[in-house]
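Let's take a walk through this structure together. Have a look at the picture first, and then we can go through it step by step.

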Amino acid sequence: SPAGMVLSVLVILLLSVLYEAVKMGKAVLLRRALLALPRSLSQEALTEPQEGDSGPAQGSPSLMAFPTFFPRWFWFHVGQTLFHVVQVVLGYMVMLAVMSYNAWIFLGAIAGSTLGYFV
């Protein structure tokens, strides 16, 4: 029916916009993660707590091997991973819709990607 087709095109358009928004969110999170990384990437700099944090005692190798905290860059990495999973799922959903070989669905995906990138 025409109403069903219009609804399908709008859903694909919104999925494409959401895909572009997730892609941009992932880029912003990457920038924040890079700023949160310590200047030195040695093992000691990655496992030692930041100034003011309470963490394992200095000089205790057994506590240093298994830190009880996660640095900020780790949480940014977890966020990037979740954004990536959402981006892949949305991308495959849009791809499957386009593979229906319907011109209106294809145009909805293109319009959604264009609008999502523009915004």
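**A guided tour**

Across residues 6-22 the chain is 100% helix and 0% strand, with 24 Å between the C-alpha atoms at the two ends. Keep in mind that you are looking at a predicted model.

Now step back to the whole chain. The protein chain has five helices and zero strands, so its elements read α-α-α-α-α from the N terminus on. Of its 119 residues, 24% are buried. The accessible surface of the protein chain is about 8,700 Å², and carbon and sulfur atoms account for 71% of that.

Is L14 buried or exposed? Its relative accessibility is 56%, and because the cut-off for exposed is over 50%, L14 counts as exposed. In sequence, L14 and G116 are 102 residues apart, yet in space their C-alpha atoms are 8.7 Å apart.

Finally, look for aromatic rings. The structure contains one aromatic pair. F74 and W75 form this pair in an edge-to-face arrangement, 5.4 Å from centre to centre and with 75 degrees between the planes. F74 itself counts as partly exposed, because its relative accessibility is 26%, a value between the limits of 20% for buried and 50% for exposed.

How values were computed: Residues are numbered from 1 along each chain as its sequence is written. This is a predicted model: local features need pLDDT of at least 70, side-chain atom pairs count only at pLDDT 80 or more; totals for chains, interfaces and linings use all residues. Side-chain values use heavy atoms; hydrogens and water are left out. Buried means under 20% relative accessible area, exposed over 50%, partly exposed in between (1.4 Å probe, protein chains only). Rings of Phe, Tyr and Trp (its six-membered ring) pair if their centres lie within 6.5 Å; planes under 30 degrees apart count as stacked, over 60 as edge-to-face and the rest as tilted. Helices (H or I, at least four residues) and strands (E, at least two) are DSSP runs, numbered from the N terminus. Accessible areas come from the Shrake-Rupley method with a 1.4 Å probe; for residues, only the protein chains shown count as cover.
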